[in-house]
Amino acid sequence: PRHDGVVASPAWWKEAVFYQIYPRSFKDSNEDGIGDLQGIIEKLDYLQSLGIDAIWLSPIYDSPNDDNGYDIRDYHKIMMEFGTMSDFDQLLEDIHARGMHLIMDLVINHTSDEHEWFQKALSSKDSPYHDYYIFQDQPNNWTSFFSGSAWNYYEGLNQYALHLFSKKQMDLNWENPSLRREIASMVRWWLQKGVDGFRLDVVNYISKGTTEEGLLPQGDDLIGSLMKFYGVEHYFYGPNLHQHLRELKKEIFAPFGTFTVGETPGIGIEMSKLLTDDYREELDMVFSFDHLEMPGKVRSDIYQYDLNYYKSYMIEMTESLGSHSQASLFYDNHDNPRMLSKINSDPKYRSVLAKLLAVIQLTLRGTPFIYQGQELGMVNQNFQSIDELRDVESLNLFEELCKKMPEAEAFKTILAGTRDHARTPMQWSDEANGGFSDIPYSGTLLSNTAASKLDLPDAGFTPSAALLPKIPFGWGSEDCHEYNAATQMLDEHSVWRFYQALIQHRKAHPALIYGDIAFTNKKTKDMFTYYRTDGKEKFYIECNLGKSTIKRKKQESDSKRLISNYPAQSIRVLRPYEASVYVVSLS
């Protein structure tokens, strides 16, 4: 039972430990400096030995790569740099042969402007595909997440088309039933291949607030004014969002038993519950990002993250969710800098802090999602110049900032929050290039537009790793010597081995998955403590969230330390970032 008295229904995705792979920087198998599907196949045994149950792949579809695959040109093809559909079929078969699951990134808020639908939409206002996208005779005042207006002008139509992200990522019109049928057919095709689920990219944006004249401008009414005050637009939680999600669930996901987790920025805890309560038949889980930045801060702000905020947020969220909703537990992903570096970049705390985060993630109530390299304690990249970045968001923001401040100051701002921190190569060994590839990682293939900003030759859309400057590793070349998979798998005190042990404990003890949770010491700074119990087992988790030593609170005498990030227990104090799990007697 949970705190609301309702017994949580079991599901494989509640018990699973997920692992996100960013294919481009995971493992290169064919010596072109770009990760690929065969590289992932090569490392499946590694993931299985860690204890991973399910893999989430960032997009692998055919794409011009304006936004690293999140601009899809053809949903039914594999990006040629990553391999072929035969490679994908082998990957899926090999994952299932190991008893693991595969979920794919489903990008259905927008497509590439090179997608066949959009190209046909540009042919005529009378084309049936014209209404697959959002065209208006006049733009409103919406802005793109990647800087500038959210509208492109198309002279042939004398109209503007909406793009919430890059200028090549054109938003789909979900109010068109024909478009929704096309999306359903495509999703069904992947499910028939045997895919187990999807992560739905910015899925809460698919419904936009409209009037007869078009999309609502920001601040046009009371609701719009409030949204403008809070810095969001009419698409964060559109009027038909629930309707669209229920339709997908009923017609596609439910018949296949498909797992779904929605990426849903900016919706808050209560709206998350509306999207995920099981009786509402919409999504299984959501990724909400409110815990990744402290209040009033954004990714590009330079500051030190305080884990006490994470504590307060997780307590509030956990106590708000009943047994009908399942939380996603994550720190890192492909869109955010490494959490380790945000909390404390001092190398002396790196391993113990990485283990603290592991304890919290694998013992809180919810489903953990580990991002590639997190299990090694990977940290932010020490980029030296804008030439080393590939992220279209960062390049656009740098261009905007340079209009207001010196380039050095603009780059410092970019460095704080660039998504490229999480997109550097996986560190497999202490060999050249970290064992990722026989040649240095080349980053993404730049579009012509992005290449021109860096004064590079025309990149086109064909693989040419030698065309681009190479990207260095981690905290300098020495980082791979210790913080790599091969070394850590052999070291019983490593971050990797700690993750492996924690995952094993989670699998062995249902109380850490389905058990109730009770937080203690809620108001005590730097102390994060809670119990997990299912009536058969009881665990006490005790964490110091700061770099200072603090006094321990009174604890049951009849308990045994199961795992800790410090070798010996201190009776009176908790050392910097100390985290331990105790088995508590129920007698």
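Mentor: Begin with a term. A strand is a DSSP run of E with at least two residues, and strands are numbered from the N terminus. Keep in mind that this is a predicted model.

Now the close look. Met527 is in strand β19, which covers residues 527-533. Is Met527 buried or exposed? Its relative accessible area is 1%. Buried means under 20%, so Met527 is buried. What does Met527 touch? Leave out residues up to four places away in sequence, and the partners are Lys311, Asn521, Cys543, Ile550, Lys551, Arg552, Lys553 and Leu574. Look also at Leu545. Met527 and Leu545 are 18 residues apart in sequence. In space, their C-alpha atoms are 6.1 Å apart.

Move on to strand β20. This strand covers residues 538-544 and holds Glu542. Glu542 is buried, with a relative accessible area of 1%. Glu542 then touches Phe528, Thr529, Arg552, Gln555, Leu574, Glu578, Ala579, Ser580 and Tyr582. Arg552 and Leu574 are among these partners of Glu542, and they are also among the partners of Met527.

Step back to the chain as a whole. The protein chain has 18 helices and 24 strands. Of its 587 residues, 61% are buried. Take the contacts with a separation of 6 or more: 70% of them join residues 24 or more positions apart.

Aromatic pairs come next. Ring centres within 6.5 Å make a pair, and by this rule there are 39 aromatic pairs. Take Trp12 and Phe259. Their ring centres are 5.8 Å apart and their planes meet at 65°, so this pair is edge-to-face. Trp12 is partly exposed, at a relative accessible area of 26%. Phe259 is buried, at 0%.

A second pair is Phe145 with Tyr205. Here the centres are 5.5 Å apart and the planes are at 5°, so the pair is stacked. This pair also links distant parts of the chain, 60 residues apart. Phe145 is in the loop between β7 (135-136) and β8 (151-154). Tyr205 is in the loop between β11 (197-200) and β12 (210-211). Phe145 is partly exposed, with a relative accessible area of 32%. Tyr205 is buried, with 2%.

Go back to Trp12 and Phe259. Both belong to one aromatic cluster, together with Trp13, Phe18, Trp56, Phe287, Phe289, Phe330 and Phe369. Strand β14 also holds Thr260. Thr260 is buried, with a relative accessible area of 0%. Beyond residues up to four places away, Thr260 touches Phe198, Leu200, Phe253, Glu282, Leu283, Asp284 and Met285.

Now two helices. Helix α4 (residues 85-97) packs with helix α6 (residues 177-193) at an angle of about 55°, and the axes are 11 Å apart. That angle makes α4 oblique to α6. Which residues make the contact? From α4 they are Met85, Phe88, Asp89 and Leu92; from α6 they are Trp189, Trp190 and Lys193. By class, five of the contact residues are nonpolar, two are charged and none is polar.

Stay with α6 for a moment. Lys193 lies over the face of Trp189, at 5.2 Å from the ring centre. Another charge sits over a ring elsewhere: the charged end of Lys43 is over Trp428, 4.3 Å from the ring centre.

Last, the loop between β10 (169-171) and α6 holds Asn176. Asn176 counts as buried, at 7% relative accessibility. Set aside its neighbours within four places in sequence, and Asn176 is in contact with Pro128, Asp131 and Tyr132.

How values were computed
Residues are numbered from 1 along each chain as its sequence is written. This is a predicted model: local features need pLDDT of at least 70, side-chain atom pairs count only at pLDDT 80 or more; totals for chains, interfaces and linings use all residues. Side-chain values use heavy atoms; hydrogens and water are left out. Axes are lines fitted to C-alpha atoms, for helices over the stretch in contact, and angles run from 0 to 180 degrees between N-to-C directions. Helices (H or I, at least four residues) and strands (E, at least two) are DSSP runs, numbered from the N terminus. Angles under 35 degrees count as roughly parallel, over 145 as roughly antiparallel, 65 to 115 as roughly perpendicular and the rest as oblique. Contact means heavy atoms within 4.5 Å. Ala, Val, Leu, Ile, Met, Phe, Trp, Tyr, Cys and Pro count as nonpolar, Asp, Glu, Lys and Arg as charged, and the others, Gly among them, as polar. Rings of Phe, Tyr and Trp (its six-membered ring) pair if their centres lie within 6.5 Å; planes under 30 degrees apart count as stacked, over 60 as edge-to-face and the rest as tilted. Buried means under 20% relative accessible area, exposed over 50%, partly exposed in between (1.4 Å probe, protein chains only). A charge sits over a ring if NZ of Lys or CZ of Arg is within 6 Å of the ring centre and within 35 degrees of the ring normal.
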